Amino acid sequence: MSDLRDLYQDVILEHSKAPRNYRELPAANHKAEGFNPLCGDRFTVYVALEGDAIRDISFQGSGCAISKASASMMTQIVKGKTMAEAEKIFGRFHEMVTGHAPAGGSESELGKLTVFSGVSEFPVRVKCATLAWHTLHAALEGKQDPVSTE
Amino acid sequence: MTSAARKLDGEKRPVSATGRFDVERVRADFPILHQKVHGHPLVYLDNAATSQKPRAVIDAITRYYEGSNANVHRGVHFLSENATEEYEAARLTVQEFLNAAHSREIVFVRGTTEGINLVAQTFGRAQVQAGDEVLITAMEHHSNIVPWQILCDEKRARLRVASINDQGELLLDEFANLLGPRTKLAAVTHVSNALGTINPLKRMIEMAHSRNVPVLVDGAQAVPHMKVDVQDLDCDFYTFSGHKVYGPTGIGVLYGKATLLHAMPPYQSGGDMISSVTFEKTTYNQLPYKFEAGTPHIARVIGLGAALQYVDGLGMENIGAHEHDLLAYATEAVSAIPGVRLIGTAKEKASVLSFVIEDIHPHDIGTILDQQGIAIRTGHHCSQPVMERFGVPATARASFAVYNTRKEVDALVRGIEKVRQVFA
């Protein structure tokens with residue numbers, strides 16, 4: 001059962017129970033909706049972009065512990081970052097949860113997000129971990145249509 | 001060589017010397033069940049999604065490919081005659097299984113979804129006009145919603161939906177009231193895949209017929225669990241999938257009353273469905289071949305025949321009684337777990353135990369159970385309107401088959417306790 005603890009780390013469970021930045025954002029000038037049709041997870045990500053910088057970010061919606069914790073921790077780590085920095089973190093995060101992280105690569109950019117490294121052992125849960133990130137990406141790109149993980 | 005005389009013989013095998021239903025003997029027939037998953041014995045409780053296959057079905061398919069493979073209804077040679085004979089013998093098995101009046105009323109399709117689409121695209125397109133109505137229920141699978149939505153959009157007709165109550169039972173009065181002068185068809189499920197509700201089908205069909213409305217039945221979740229007699233039900237169409245009743249995937253059956261099937265335009269066109277073709281005119285083949293264009297899934301049909309033989313050998317009464325016992329046992333045990341809420345608590349239910357746990361998403365339940373070797377379904381079960389009706393995005397669903405045991409239910413209960421520990 002050690003695998004299970006790898007996936008459901010305490011930090012993840014804690015964020016899923018008490019997600020940060022879980023609200024609407026009146027000042028948002030970018031927002032997008034993300035949907036995982038397989039399990040019905042659905043999140044809206046709100047971004048207040050100032051120039052190139054993510055001044056504020058929040059999310060709302062429903063989903064499993066992995067997707068909710070991922071959304072919560074994403075909002076924490078990208079707040080104050082530039083769009084390019086946020087996209088870069090997404091790239092590293094995606095590599096990590098799909099098990100494609102380069103050997104010997106630095107995890108420092110990911111910080112606390114490394115708690116999601118256990119996801120790579122659960123391929124069907126990768127979409128849960130990345131849903132909020134895909135949604136953020138869509139919000140930053142100004143896409144109108146809801147993004148789907150399918 | 002088996003022959004067209006392969007009939008359901010009613011021989012009941014899985015009864016031990018003491019006269020009790022012997023589930024261990026049944027389990028021995030299913031090779032896949034005897035494996036470990038993540039270090040635990042497999043507990044397969046996703047039978048409403050698909051059932052496992054007994055050795056008899058696997059062997060029938062292998063035997064066909066090793067000994068009889070040829071195209072059907074075409075060759076004069078030995079193998080083609082064998083293949084045709086086996087293929088048509090399976091049709092007779094299905095006819096007998098459903099107690100259809102004629103074997104020409106049995107059309108082989110890919111599954112329930114194709115059966116419904118066939119009726120929507122042929123009967124539906126011919127019969128439903130602007131302003132007409134098609135009636136469904138609020139507990140339908142997407143496959144018994146979307147084909148009618150597309151048809152109604154195309155014809156500017158109206159899709160009507162009869163509601164369900166908080167237990168997941170159809171509101172019969174509402175169903176009756178919605179059967180109006182413009183209703184051209186009622187398309188209803190026999191057993192709900194998300195809730196397990198068994199509909200009072202015979203009464204519903206009587207109600208519809210009293211208003212001259214024909215009825216299509218989605219039998220995907222019913223055929224594995226109960227005796228279906230299409231003549232007794234008097235349904236106009238009945239469709240089911242082979243893979244949920246221990247047969248192969250990608251094969252199913254559409255039963256239709258011969259008079260209706262005769263009057264319907266063809267579905268797909270091509271070889272086998274014609275009796276003569278010139279560039280000026282084509283004459284369609286007789287039933288059921290009019291609806292079986294192209295080379296069919298011969299091996300799967302033979303596999304389906306073997307599955308229904310197998311089910312008949314177990315005895316539908318034995319299967320139903322065993323599963324009823326499991327469902328009652330599981331319902332009591334799972335609903336006693338703190339924080340668990342059952343979705344679908346109809347008085348009449350078959351096989352399905354759908355539930356949610358407070359503050360724990362079904363997807364997480366599914367992953368944690370899987371780590372203990374327990375396979376359940378999590379999600380919306382292709383029934384998003386049902387999820388919306390009960391105010392949940394998804395449920396966890398355990399569904400039982402003839403080879404499941406009380407011990408496996410106990411494992412499920414322990415598994416759910418583990419889920420609660422992880423999230424404590």
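Student: Which element gives the largest share of the lining of the largest pocket?

Tutor: Start with empty space. Rolling a probe the size of a water molecule over the atoms shows where empty space is left. Here the model is predicted. In it, α12(B) gives the largest share of the lining of the largest pocket, with 4 residues. Two strands of chain B, β15 (374-375) and β16 (377-379), also supply at least two residues each.

Student: What volume does the largest pocket have, and which residues lie nearest its centre?

Tutor: About 500 Å³ of space lies in it. The lining has 19 residues. Nearest the centre are V124(A), H363(B), G366(B), I376(B) and T378(B).

Student: How do the lining residues of the largest pocket divide by class?

Tutor: There are 10 nonpolar, 6 polar and 3 charged residues.

Student: Now the second largest pocket. How many residues line it, and which lie nearest its centre?

Tutor: The lining has 20 residues. Look for I357(B), E358(B), D359(B), I360(B) and H361(B), which lie nearest the centre. The volume of this second largest pocket is about 410 Å³.

Student: Which elements give two or more residues to the lining of the second largest pocket?

Tutor: Both chains take part. Chain A brings α2 (10-17) and α3 (65-78), while chain B brings β14 (352-357) and α12. By class, the lining of this second largest pocket holds 10 nonpolar, 4 polar and 6 charged residues.

Student: How many cavities of 30 Å³ or more are there?

Tutor: A cavity differs from a pocket in that the probe fits but cannot get out. The count here is 1 cavity of 30 Å³ or more. The largest cavity has a volume of about 50 Å³.

Student: Which residues line the largest cavity?

Tutor: Chain B supplies them. Among them are N47(B), S51(B), K244(B), Y246(B), E323(B) and F400(B). The lining of the largest cavity has 5 nonpolar, 4 polar and 2 charged residues.

Student: Let us turn to the interface. What area do chain B and chain A bury between them?

Tutor: The size of an interface is often given as the accessible area lost when the parts come together. For chain B and chain A, about 1,500 Å² is buried, and 61% of it is on carbon and sulfur atoms. The contact takes 17 residues from chain B and 22 residues from chain A.

Student: How many salt bridges are there between chain B and chain A, and which residues form a salt bridge?

Tutor: The count is 1 salt bridge. D364(B) pairs with R125(A), and their closest N and O atoms are 2.8 Å apart.

Student: Which elements give two or more residues to the side of chain B that touches chain A?

Tutor: They are α12 (362-370) and α14 (406-422) of chain B. The largest share, 4 residues, comes from α12(B). By class, this side has 6 nonpolar, 9 polar and 2 charged residues.

Student: Last, the backbone. Where is the cis peptide bond?

Tutor: Go from L287(B) to P288(B): that peptide bond is cis, with omega near -5°. P288(B) sits in the loop between β12 (282-284) and α10 (298-314) of chain B.

Student: Which residue has a positive phi although it is not a glycine?

Tutor: That is D234(B), with a phi of about 65°. Find D234(B) in the loop between α8 (230-233) and β9 (237-241) of chain B.

Technical notes: Residues are numbered from 1 along each chain as its sequence is written. Chains are lettered from A and ligands numbered from 1 in the order in which they are written. This is a predicted model: local features need pLDDT of at least 70, side-chain atom pairs count only at pLDDT 80 or more; totals for chains, interfaces and linings use all residues. Side-chain values use heavy atoms; hydrogens and water are left out. Contact means heavy atoms within 4.5 Å. Buried area is the accessible area (1.4 Å probe) that two parts lose on being put together, summed over both. A salt bridge is a side-chain nitrogen of Lys or Arg within 4 Å of a carboxyl oxygen of Asp or Glu. Ala, Val, Leu, Ile, Met, Phe, Trp, Tyr, Cys and Pro count as nonpolar, Asp, Glu, Lys and Arg as charged, and the others, Gly among them, as polar. On a 1 Å grid over the protein atoms alone, a cavity is a set of points where a 1.4 Å probe fits but cannot get out, and a pocket is an open set with protein on both sides within 12 Å along at least five of seven lines; lining residues have an atom within 4 Å of a point. Grid points are joined across faces, edges and corners, and a volume is the space filled by probe spheres set on the points.
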